[in-house]
Amino acid sequence: MRVRWDETKRQQVLAECAIDFEQLDNLLYTPYLEDQRSELPEQSRIIGFADGQLTTFIVEYRADKVGDYIWVVTAWKSTKQERRSYEQRIY
């Protein structure tokens with residue numbers, strides 16, 4: 001599936017957290033945890049390894065005339081609670 005984002009937000013997260021939204025594409029080919037983050041707008045949380053560190057991405061599933069895609073809202077280094085959730089469900 002295509003992955004898209006706002007470039008200004010990508011640069012902000014890259015500068016502040018050293019996480020590149022482009023890493024989500026590779027993360028989706030490894031074991032990851034996904035759950036619903038909020039309902040309005042409907043957002044999902046994806047936790048998995050990106051560039052060697054456990055990372056949390058907030059995404060929305062969207063569609064355009066080309067088809068479905070994942071819209072990256074933001075990302076951060078996973079918290080202790082997110083690490084525990086990942087370890088309990090993935091390992």
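**View 1. Surroundings of Arg83.** Leaving aside neighbours within four places in sequence, Arg83 is in contact with Leu54, Lys77 and Ser78, where contact means heavy atoms within 4.5 Å. This is a predicted model, in which local features need pLDDT of at least 70 and side-chain atom pairs count only at pLDDT 80 or more, while totals for chains, interfaces and linings use all residues. Residues are numbered from 1 along each chain as its sequence is written, and side-chain values use heavy atoms, with hydrogens and water left out. Arg83 belongs to helix 3, residues 80-90. Helices (H or I, at least four residues) and strands (E, at least two) are DSSP runs, numbered from the N terminus. With a relative accessible area of 30%, Arg83 is partly exposed; buried means under 20%, exposed over 50%, and partly exposed in between (1.4 Å probe, protein chains only).

**View 2. Thr56 and its contact with Glu82.** Thr56 lies in strand 4, residues 53-63. Thr56 counts as buried, at 0% relative accessibility. The side chains of Thr56 and Glu82 are joined by a polar contact of 2.9 Å. A polar contact is a pair of N or O atoms within 3.5 Å; within protein, one must be able to donate a hydrogen and the other to accept it, and residues adjacent in sequence count only if both atoms are side-chain atoms. Beyond four places in sequence, the residues in contact with Thr56 include Arg45, Ile47, Trp76 and Ser78.

View 3. Five strands make an open sheet of mixed pairing, in the order 1-5-4-3-2. Two strands pair if DSSP finds at least two bridges between them. Strand 1 (2-5) and strand 2 (32-39) each have a single partner strand, so one side of each is without a neighbour in the sheet. From one strand to the next, the twist averages 35°. Axes are lines fitted to C-alpha atoms, for helices over the stretch in contact, and angles run from 0 to 180 degrees between N-to-C directions.

**View 4. Strands 3 and 4 with helix 3.** Seven bridges pair strand 3 (residues 42-50) with strand 4 in the antiparallel sense. Gly48 stands opposite Thr55 of strand 4. Helix 3 packs on the sheet, where it touches strand 2, strand 3, strand 4 and strand 5, and its direction makes about 125° with that of strand 2.

**View 5. Helix 1 on the sheet strands.** Helix 1 (residues 7-17) lies across strand 1 and strand 5 (68-77). The helix runs at about 25° to strand 5.
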